[in-house]
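Trainee: I am new to this structure and would be grateful for a close look at a single part of it. Could you please take me through the aromatic rings and the strand that carries some of them?

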Amino acid sequence: WVYLSLTIDRVEAETETPYLQNINELLTAIRSIKHDSVNHYTAILGFLKVGMYEMASDYVKQLLQETTDVVKVVDGVKSPAVSALLHAKMAVCMAERIQFTVHISSQTQFSFIRTYDLIKVLGNLLDNAIAATLEEPEENRYVTLNWEDTDKERYLSIENSGPTIPDDKLDEIFQLGYTTKQYGEGGVGLAVVKKVIHAYGGKISVYSNSGITRFHISFPI
C-alpha cells in the first residue's frame with residue numbers, strides 16, 4: 001500500500017494533466033466558437049440578402065437555443081475552475097455528438113475539497129465517461145452529472161451510456177494499472193480519484209448494468 005500510494009503521488013506530480021488539459025480544451029473551444037461565429041454571421045447575412053427572412057429567423061433561434069444549452073451547463077457553479085472544466089467538456093461533447101446534461105442543486109459543491117483535487121476528480125470521471133460513451137452509436141451517447149445535497153450526504157454522480165463493466169471487475173477498476181483501453185493506455189485516473197475521495201473522508205462506488213455506468217461519490221453530513 002505504501003508503494004501504491006507513492007506511485008500515485010508520483011504520477012500526480014509528474015503529469016499535472018487536470019489543469020493543463022482543461023485549459024487546452026477551453027482554448028480550443030474558444031477558437032472553435034470564434035471560427036463558427038464567422039460562418040453563422042455569413043449564413044444569416046446570406047439569408048437576408050436574398051429575402052429569406054423566415055430562414056434567417058429560424059437560424060437565429062437555433063443559435064440562441066444552442067447558446068442557452070451551453071450556459072445552462074455551468075448555471076449555479078460557484079468555482080471558476082469547475083466552470084471552465086465543464087465548459088471544456090461541453091465543447092468536447094458537442095463535437096462528438098454526446099448529450100451532456102448537468103444538474104446542480106448542491107449549495108456546498110464540495111467546497112471542503114481543494115480546487116486542484118476537485119478538478120482531478122471531475123476531470124478523470126468525465127474523461128472516462130466521454131471515452132466510454134463514444135463506443136455507442138451517436139443517438140445513444142449521453143453523459144449526465146448530478147450534484148446534490150440531501151439530509152444525510154453530499155453527493156456527486158456521473159452516469160454515461162457505454163460498455164457494461166463486468167461485476168467481477170467493478171473493484172479492480174480502482175486499482176493502479178487496471179485499464180480496459182487498448183494498448184494498455186490509462187490505468188491511473190480512477191486510482192487517483194479514489195485516493196482523493198478517501199483522503200477527504202468520502203466514499204466512491206460504481207454501478208454498471210445494461211449499458212449504463214454510474215460513479216457515485218458521497219460525503220456524510
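Mentor: The account below begins with the ring pairs and then turns to the strands and the backbone.

The model is predicted. Across the whole structure, a search finds 6 aromatic pairs. One of them joins F112 and F219 edge-to-face, with 4.9 Å from centre to centre and 75° between the planes. F112 sits in the loop between β1 (99–104) and α5 (115–133), while F219 belongs to strand β5 (residues 212–220), so this pair ties together parts that are 107 residues apart in sequence. The two partners may also be described by their accessibility. F112 has 34% relative accessibility and therefore counts as partly exposed, whereas F219, with a relative accessible area of 2%, is buried.

A further pair also involves strand β5. Since F174 lies in the loop between β3 (153–161) and α6 (189–199) and F215 in strand β5, the pair ties together parts that are 41 residues apart in sequence. Both F174 and F215 are buried.

The rings of F112 and F219 also belong to a cluster, in which ring pairs link them with F110 and W147. F110 is placed in the loop between β1 and α5. With 1% relative accessibility, F110 counts as buried, because the cut-off for that term is under 20%. The backbone of F110 deserves attention as well: its phi is near 55°, a positive value in a residue other than glycine. Most residues other than glycine have a negative phi.

R97 likewise has a positive phi, near 60°. R97 lies in the loop between α4 (80–95) and β1, and with a relative accessible area of 53% it is exposed.

Strand β5 also has a strand partner. It runs antiparallel to β4, and 7 bridges join the two. N209 has I212 in β5 as its bridge partner. The hairpin of β4 and β5 has 2 residues between the strands, and S210 in this hairpin takes a positive phi near 55°.

In a regular strand the side chains alternate between the two faces of the sheet. In β4 (residues 203–209), the covered face consists of I204, V206 and S208, and the uncovered face of K203, S205, Y207 and N209.

Methods
Residues are numbered from 1 along each chain as its sequence is written. This is a predicted model: local features need pLDDT of at least 70, side-chain atom pairs count only at pLDDT 80 or more; totals for chains, interfaces and linings use all residues. Side-chain values use heavy atoms; hydrogens and water are left out. Rings of Phe, Tyr and Trp (its six-membered ring) pair if their centres lie within 6.5 Å; planes under 30 degrees apart count as stacked, over 60 as edge-to-face and the rest as tilted. Helices (H or I, at least four residues) and strands (E, at least two) are DSSP runs, numbered from the N terminus. Buried means under 20% relative accessible area, exposed over 50%, partly exposed in between (1.4 Å probe, protein chains only). Two strands pair if DSSP finds at least two bridges between them.
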